[in-house]
Amino acid sequence: MASKSRDTETQINKEPISIGRIIMYIVLLLGAVVMIFPFYWMITGAFKTWTEVNLMPPTLFPENPFNIENFVYAFKTAPFAKYFLNSVLALLGCIVTCSFTTILAAFAFSRLRFPGREFIFSLLLSLMMVPYEMIIITNYRTIVTWKLHNTIWALILPFMSSIFYTYILKGFFDSVPDSLYQAAKVDGCSDWKYLWRVMVPMAKSSLATIILLNSIATWNSFLWPMIATNSKDVRTLPFGLYAFMTEGGQRNERMMAAATIVVLPMIIVFLFARKYIISGMSRGGIKG
Amino acid sequence: MKIRLENIVKRFRDNTAVDHFSAVIESGELVTLLGPSGCGKSTMLNMLSGILYPTEGKIYFDDDDVTFVSSEKRGIGLVFQNYALYPHMTVLENICFPLEIQKVPKAERIERAKKMAELVHVDTMLNRKPGQLSGGQQQRVAIARALVKQPRLLLLDEPLSNLDARLRIEMREEIRRIQLETGVTTIFVTHDQEEAMSISDHIILMKLGVLQQFDKPQYLYDQPANCFVADFLGNPPINKVEAKVENGKVILADGQDSGVRLEGHDGEKVWLSFRSESVLYKPESELRAKVILTSVMGKEKITSFDLAGKEVRGYFDSSLDFERGEEVGIGFKKTGVFVFNFESGERYL
């Protein structure tokens with residue numbers, strides 16, 4: 001494999017114009033532009049004035065790149081700071097509880113022996129086939145019965161565990177050789193200590209993947225917060241953005257600013273952690 | 001620590017992995033559990049370590065009945081074929097881990113771990129991760145980790161199988177040295193007879209869950225209890241030809257008299273087995289064999305013959321010169337020649 005790629009390299013050196021390669025790069029470049037442009041448009045748009053946004057032909061770069069008027073407006077008219085805080089709270093609540101239950105469940109299904117283990121696990125897996133929209137109805141009834149409707153808890157409670165993440169982590173735990181467990185057992189290590197001292201540190205990159213996927217999903221979740229909350233005090237960013245759009249009128253530059261506030265944290269997280277996401281995904285052999 | 005195994009039976013559903021196994025292992029010895037794969041030696045080891053419990057029988061460590069005592073209370077150190085080091089911990093942390101579980105104070109922990117690292121010669125790489133070590137070094141760390149809590153018994157499960165040939169010889173000598181220095185009773189599981197012969201005080205040879213012979217390595221070789229033991233030990237493997245006993249003479253399949261005498265088994269079909277070094281060149285002998293191939297190995301040469309339709313090998317002085325296809329007279333020494341029952345493998349001579 002390595003020698004093959006070296007061969008192609010030397011070939012390129014001999015004849016610099018390889019048409020196939022140029023076409024390939026053009027296609028890739030086009031794909032990249034298509035992917036990135038909406039984000040670029042959103043972020044630059046957030047710094048433009050109303051007239052600038054509506055200019056024909058449109059400009060690619062804002063006149064005054066330090067024009068934060070739109071952000072100020074967004075923060076003033078809608079409680080984006082509050083939304084942001086709610087989002088962070090919901091995110092932390094979900095990640096901490098979900099990671100904890102996922103670790104315990106994955107360990108139990110992977111390492112502990114109890115009657116019906118395989119059956120229970122396949123039952124759980126089959127639950128993944130139930131569409132999300134259907135679960136929402138039952139979850140809503142539960143939340144209302146428990147009088148947690150319209151609280152932060154409503155945003156955390158249904159996501160405190162995840163079959164999908166348990167499945168990914170169990171896959172990793174399964175790949176850890178039995179002899180590590182036996183070695184620890186012979187030394188008198190308890191299951192609890194073995195889990196936290198050996199398994200979890202070893203599963204660092206799988207856990208990072210899970211936490212990232214979970215963060216993105218929680219941060220972007222829209223349908224459930226819209227149903228489970230109805231006051232501004234507990235709204236999260238995506239629904240806040242939606243409300244802002246319907247309440248704030250057709251001012252594109254302001255919407256861009258609001259959207260930027262919502263999306264930026266996740267973009268930053270993704271840029272820092274993308275290698276974990278990709279490696280974790282390919283390890284699990286599962287598409288998101 | 002002396003280990004007493006009394007009538008151990010282990011069944012997995014209908015399958016009997018270990019069958020009425022009894023043995024006494026003396027304190028401070030290195031004993032090898034040897035046998036082909038599937039002979040129950042790993043099952044035996046797992047019962048000694050407490051990972052499995054026997055279906056029947058008793059295990060005693062000194063005078064304590066530990067048959068159903070869980071692993072962590074037995075005071076054993078275990079070394080695995082794949083080393084089973086914790087990949088995210090350094091060498092020092094790995095060796096310290098058993099002491100950490102025993103809640104030994106940190107300073108003492110590190111001191112003991114360092115001493116152990118010195119013993120196994122990994123004291124220069126304490127801060128490395130297992131992934132940065134060679135197989136032999138990883139195995140040394142695994143041994144240090146098993147020994148650091150001063151176990152009463154050290155169990156080694158095919159510890160050399162993942163190493164290349166040269167390292168294997170080096171490491172088996174190292175294991176022997178460490179075992180002699182610490183004086184810990186050690187049980188070593190392997191399927192490699194050469195490994196077993198070279199480091200053990202005693203060897204337990206198993207087949208299909210049944211103990212075949214428990215003896216010193218040399219006795220196992222010189223005085224095999226049955227045909228299986230004779231076949232299993234020795235390189236090149238023992239020569240084996242079909243024969244029949246007539247009037248106290250062992251007669252080969254082609255009617256030649258082997259010259260071996262056996263009383264009391266007239267009319268029985270037997271195996272005549274002999275070590276390659278027990279073959280003698282006797283020009284005047286009536287027992288003839290046809291030379292197939294000769295290969296010189298320094299001061300000796302090994303020659304293969306066709307003897308009564310079977311290929312057999314013998315060691316000869318390299319000054320002897322045989323032609324291919326030549327018929328030569330051979331005989332046997334007094335030692336290294338055995339006669340076994342053809343069916344049961346029971347030893348007659």
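## Two domains in chain B

In this predicted model, the C-alpha centres of domain 1 and domain 2 of chain B are 40 Å apart. The domain assignment places domain 1 of chain B at residues 3-232 and domain 2 of chain B at residues 239-341.

## Where the domains touch

How many residues of domain 1 of chain B are in contact with domain 2 of chain B? Six residues of domain 1 of chain B are in contact with six residues of domain 2 of chain B. On the domain 1 side, helix H8 of chain B (residues 227-232) gives the most, with three residues. By class, the side of domain 1 of chain B that touches domain 2 of chain B consists of three nonpolar, two charged and one polar residues.

## Chain A

Chain A has 15 helices and zero strands. Of the 288 residues in chain A, 28% are buried. Among contacts in chain A with a separation of 6 or more, 79% join residues 24 or more positions apart.

## Confidence

For the model, the ipTM is 0.77 and the pTM is 0.76. Chain B has a mean pLDDT of 89, with 100% of its residues at 70 or more.

Which elements of chain B have the lowest and the highest mean pLDDT? The lowest, 83, belongs to strand S13 of chain B (residues 257-261). The highest, 93, belongs to strand S3 of chain B (residues 30-34).

Note on methods: Residues are numbered from 1 along each chain as its sequence is written. Chains are lettered from A and ligands numbered from 1 in the order in which they are written. This is a predicted model: local features need pLDDT of at least 70, side-chain atom pairs count only at pLDDT 80 or more; totals for chains, interfaces and linings use all residues. Domain bounds come from an automatic or database domain assignment. Two residues are in contact if their C-beta atoms, placed from the backbone, lie within 7 Å. Helices (H or I, at least four residues) and strands (E, at least two) are DSSP runs, numbered from the N terminus. Ala, Val, Leu, Ile, Met, Phe, Trp, Tyr, Cys and Pro count as nonpolar, Asp, Glu, Lys and Arg as charged, and the others, Gly among them, as polar. pLDDT is the predictor's confidence in each residue, from 0 to 100. A residue is buried if 20 or more other C-beta atoms lie within 10 Å of its own, exposed if 12 or fewer, and partly exposed in between; C-beta atoms are placed from the backbone.
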